Structures are given as C-alpha cells and as structure tokens.
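Please look through the sequence and the structure before reading the points below.

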Amino acid sequence: MTEVVRAYGLDGLPLGLVLLILFVAVLARSHATYWAGRAVARGAAYEGTHRHGPRLWQRTVDRLAGFAGTPLARTGLTLVHRWGPLAVTAGYLTVGVQTAVFAAAGLLRMPYLRFTVASLPGSAAWAAVWGTIGLSAVWGAVALAAGSPWGVAALLAVAAVVTLVVVRTRRRRTAEAAVAGTAPGGTAPGTTTPRPR
C-alpha cells in the first residue's frame with residue numbers, strides 16, 4: 001500500500017474497499033471544489049452580503065474567491081477553456097493544477113452533468129494510482145535512473161526535450177496570435193472570452 005492509504009488510515013483494509021473509499025473521497029472533494037467555483041461565479045458580492053450555509057462552506061467560498069485571481073487559477077481557466085471536460089478528467093492525474101481545474105470548471109459554469117461524467121474516470125484513475133503505486137513508483141524510477149550516469153543523462157535529456165517543446169509551442173502561439181491580431185489566449189485585445197456551452 002502507499003503513503004496515501006496509510007495517511008487515510010486504510011492500510012489494513014482489502015484493496016477493493018480502499019479503492020472505493022479513495023474514489024468517493026476524491027469525487028467528493030472535486031465536486032465540492034466545483035460547487036465552490038459555481039458559488040463564486042454566482043457573485044462574490046452576493047455571497048459577501050447574503051452569507052448563508054455552514055461556516056465551512058463560507059470559508060471555502062472565501063478562499064476560492066481569493067484564489068480566482070492567482071496565476072494558478074488562470075492556468076486552470078485556460079485549460080478548461082481549451083480542453084473542456086478532458087481537462088477535468090486529466091486534472092485528477094496532475095499535482096498542483098488539480099484544484100485549479102475543478103474550480104475553473106465551476107467558475108466557467110461547466111454544466112454539472114458534463115463535469116460529473118468527466119470526473120468519474122478521473123476519480124477512478126486517481127484512486128487506482130494513489131491506492132496502489134502512488135508517488136512511490138515515480139520517485140523509485142527517478143532514484144533508479146539517478147543511480148547510474150546513463151540514467152542521469154536520460155533524465156536530463158527528457159527534461160531538455162520537454163522544456164524545448166514547451167518553449168517552442170509558447171513562442172509559436174504568441175507569434176500566431178500577434179499575426180492574427182489576437183491575445184495569446186485566442187481573443188482580440190480588450191474582449192472577453194466566451195463561456196463554454
């Protein structure tokens with residue numbers, strides 16, 4: 001079992017039950033984040049003057065309202081704008097962008113059924129990864145590769161290729177946007193982006 005399973009106190013349970021508990025837990029967390037994003041989209045001003053709901057919910061909405069203007073939130077919004085429900089499904093397998101993607105889906109008012117359908121396979125994948133191999137396998141592979149000079153060279157080569165692809169893609173998109181007279185996000189300067197349907 002993994003560190004996550006031990007952290008949740010599930011290390012003595014059968015694997016099937018552990019996976020089910022992790023599935024329900026991550027599904028509940030992602031949907032709470034989605035609904036908090038919907039609440040913020042409904043209007044921070046309204047929430048500020050007409051407080052309702054449990055104190056935990058109010059704190060969650062307040063934190064999400066502050067989070068909405070951060071660079072990470074903008075990344076989540078960009079991903080959901082570009083990829084829609086696929087960003088939600090893939091978001092479960094990321095570290096650091098997961099909350100931003102779920103909150104962005106709520107902020108952009110993605111239809112709930114679409115969010116739910118996209119979150120089911122993502123939650124199942126998250127539960128399977130964290131309930132079985134977790135990050136232990138990832139760090140084990142890094143340690144194994146770092147144990148030899150060839151492994152270190154391979155890790156550095158992969159990092160260099162990924163960096164090169166990201167830099168070239170960003171430069172190309174910026175150049176294409178400049179030629180087309182639009183901002184890098186795909187909108188004309190001074191306009192807003194449409195909400196997904």
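Tyr34, Trp35, Tyr92, Phe102, Tyr112 and Phe115 are linked into a cluster by ring pairs. The model is a predicted one. Seven aromatic pairs are present in the structure.

**Aromatic pairs**
- The ring centres of Tyr34 and Phe115 lie 4.4 Å apart with the planes at 20 degrees, so this pair is stacked.
- Because Tyr34 belongs to helix H2 and Phe115 to helix H8, the pair ties together parts that are 81 residues apart in sequence.
- Tyr34 is buried, with a relative accessible area of 0%, and Phe115 is also buried at 0%.
- Trp126 and Trp130 form a tilted pair, with 6.2 Å from centre to centre and 40 degrees between the planes.
- Trp126 and Trp130 are four residues apart in helix H8, so about one helical turn separates them.
- Both Trp126 and Trp130 are buried.

**Nonpolar core**
- The largest nonpolar core has 22 residues, and those that touch the most other members are Leu22, Val80, Val88, Tyr92, Met110, Phe115 and Trp126.
- At least two residues of this core come from each of H2, helix H6 (85-91), helix H7 (98-107) and helix H8 (112-146).
- Leaving aside residues up to four places away in sequence, Val80 touches Ala87, Val101, Ala104, Ala105, Leu108 and Met110.

**Ser30**
- Ser30 sits in helix H2, which spans residues 15-42.
- Ser30 is buried, and its relative accessible area is 0%.
- Not counting residues up to four places away in sequence, Ser30 touches Tyr92, Phe102 and Phe115.

Conventions: Residues are numbered from 1 along each chain as its sequence is written. This is a predicted model: local features need pLDDT of at least 70, side-chain atom pairs count only at pLDDT 80 or more; totals for chains, interfaces and linings use all residues. Side-chain values use heavy atoms; hydrogens and water are left out. Buried means under 20% relative accessible area, exposed over 50%, partly exposed in between (1.4 Å probe, protein chains only). Contact means heavy atoms within 4.5 Å. A nonpolar core is a set of buried Ala, Val, Leu, Ile, Met, Phe, Trp, Tyr and Cys residues joined through side-chain atoms within 4.5 Å. Rings of Phe, Tyr and Trp (its six-membered ring) pair if their centres lie within 6.5 Å; planes under 30 degrees apart count as stacked, over 60 as edge-to-face and the rest as tilted.
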